[in-house]
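Good morning, and thank you for joining.

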Amino acid sequence: MAKSSRVPRPAYEPSEGSILHVDREFYSQIGSSTARELVGSFEVPVRSGKAWTVDKGHVCRLSTPHGPQVGDLNLWARENPRERFWASRTRQLQKSHVTTFDRLWSCLPYLRPMCTIIGDSLAGYKDDVGGRVHDLLGTRCDGYVNAMLTGRQFDFHCHSNLTRAVLPFGLYESDVHDVLNVFQVTGLNANDQYFMEPCPAKPGDYFEFFAEIDLLCALSTCPGGDLSAWGWGEDEADDSMLRCCRPLKVEVFRLTNPSLLSPWHPPAPASYTGMHGMMMPVSRK
């Protein structure tokens, strides 16, 4: 069959005034404003995880101060962790690799933007095989699939790192969910199979988002580091991937110019109020 030049329309196309239509002028002003105060800063060590909070209306920056490194990001509503990041719906509403002005959406029954990306030093990146950065196609690495594929035990995959990170906040392994792979380059090959390419980040590259609601965030520094030597079956005694690992930096900022936020309101959960086609039982007298 001859290859068509037709470009299909997106299934979820933003229209003027809809919640999918982002006010680019507003978020550009937030992203470019220097009227901000640093309220928190730390580095996540290699093969580790860290959780932290971000108030609504604040800005969070993830960066690569020491060079290329992939990070796995989870988000929850701070006051209700049942509301958490929904990677697959975000992939549909936005795209498979997110960047400036894309939003990260929460799960049902809430379905609202948790944050909006306002800065991305790797925006527009595409490698020679079609790989793009900030991946929503894949998910976190974990010890279960590693044991299944290799028969070996390793406790510092991203799933395990995130599990340890959220324990102080009263969350558990079951609360860890599909991630945004920040700084990770991925794509689908000609056979429609998932592939990963080395991280292109340089010292100082960043990914920045505006918190639409109060957030609990957790980030894992992937044990594969920059993925230039990725493989399953890590061995802590002899691990060539360790040389590819670097810390990631997290910074949280408070905006000090209140007028910047004057047109903004935190988004409400989705307004569906039905009963899924089920009627409440009526008592018999």
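I begin with a side-chain pair: asparagine 181 and aspartate 135 are joined by a polar contact of 2.7 Å. Please bear in mind throughout that this is a predicted model. Asparagine 181 lies in strand 9, which spans residues 180–188. Is asparagine 181 buried or exposed? Its relative accessible area is 0%, and asparagine 181 is therefore buried. Beyond its neighbours within four places in sequence, asparagine 181 is in contact with Gly71, Asp72, His134, Asp135, Gly138, Thr139 and Tyr194.

Let me turn to the cysteines. How many disulfides does a search of the whole structure find? The search returns zero. Cysteine 141 is buried, at 9% relative accessible area. For cysteine 217, the closest cysteine sulfur is that of cysteine 60, and the separation of 5.5 Å is again too far for a bond. Cysteine 217 is also buried, its relative accessible area being 0%.

Cysteine 158 brings us to helix 4, residues 158–166. This helix is mostly covered, with eight of its nine residues buried; among them are Cys158, His159, Asn161 and Leu162. What do the buried residues of helix 4 pack against? Their partners are strand 2 (49–54), strand 4 (71–77), helix 3 (143–150) and strand 12 (215–221).

Definitions and conventions
Residues are numbered from 1 along each chain as its sequence is written. This is a predicted model: local features need pLDDT of at least 70, side-chain atom pairs count only at pLDDT 80 or more; totals for chains, interfaces and linings use all residues. Side-chain values use heavy atoms; hydrogens and water are left out. A disulfide is a pair of cysteine sulfur atoms within 2.5 Å. Buried means under 20% relative accessible area, exposed over 50%, partly exposed in between (1.4 Å probe, protein chains only). Helices (H or I, at least four residues) and strands (E, at least two) are DSSP runs, numbered from the N terminus. Contact means heavy atoms within 4.5 Å. A polar contact is a pair of N or O atoms within 3.5 Å; within protein, one must be able to donate a hydrogen and the other to accept it, and residues adjacent in sequence count only if both atoms are side-chain atoms.
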